[in-house]
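Student: I'm new to this one. Could you walk me through it?

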Amino acid sequence: MKDANYWIDKLELRRHPEGGYFKESYRSHEVIPKNALPERFTGDRVFSTCIYFLLNEKNFSAFHVIKQDEIWHFYEGSSLTLHIVDQKGNYSALKLGREIENGESPQAVVQAGCLFAAAIDN
């Protein structure tokens, strides 16, 4: 297995504002105008984006609220936990990883409007 520095270098990742490292790998050319979006958006939005995101043992993704659903994909490394607080204040945890028999999943969705953070499982 390759270490975090390998992926940071090879994928040209840079520091993410909430923690970890990232690089945008896709951005749709089509745009949804602000007047067609819910009020929570302050401007036009592209249809879709995709990023590579990496956490290492020194990082976590700090709690923040997202305006639209976010899909997480697991590729390699240590499993992680997405800590989620929904709009009603209910906490849940989603485990991202390859060990399905231990409650992990290779994909997870965080719903719009949730407060969430991510950290590597030790």
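**Strands, a core and a surface residue**

Student: Which strand do 2 bridges join to S9?
Tutor: Strands are DSSP runs of E with at least two residues, helices are H or I runs of at least four, and numbering starts at the N terminus. Two strands pair if DSSP finds at least two bridges between them. In this pair, Lys 95 stands opposite Glu 104. The partner runs parallel to S9 and covers residues 104–105, and that's S10.

Student: What pLDDT do local features need here?
Tutor: Residues are numbered from 1 along each chain as its sequence is written, and side-chain values use heavy atoms, with hydrogens and water left out. This is a predicted model: totals for chains, interfaces and linings use all residues, side-chain atom pairs count only at pLDDT 80 or more, and local features need at least 70.

Student: Which residue in the turn between S8 and S9 has a positive phi?
Tutor: S8 (residues 80–85) and S9 (residues 91–96) pair in the antiparallel sense over 6 bridges, with Leu 80 bridged to Leu 96. The two strands make a hairpin with 5 residues between them. The phi of about 90° in that turn belongs to Gly 89.

Student: How many residues are in the largest nonpolar core?
Tutor: Such a core is a set of buried Ala, Val, Leu, Ile, Met, Phe, Trp, Tyr and Cys residues joined through side-chain atoms within 4.5 Å. Trp 72, Leu 80, Leu 82, Val 110 and Phe 116 touch the most other members. S8, S11 (107–110) and S12 (115–120) each supply at least two residues. The count for the core is 14.

Student: Which tryptophan is in contact with Phe 116?
Tutor: Contact means heavy atoms within 4.5 Å. Leaving aside neighbours within four places in sequence, the residues that Phe 116 touches include Phe 63, Ile 66, Leu 82 and Val 110. Also among them is Trp 72.

Student: And Val 65, is that buried or exposed?
Tutor: Val 65 sits in strand S6, residues 60–65. Buried means under 20% relative accessible area, exposed over 50%, and partly exposed in between, using a 1.4 Å probe and protein chains only. Val 65 has a relative accessible area of 54%, so this residue is exposed.
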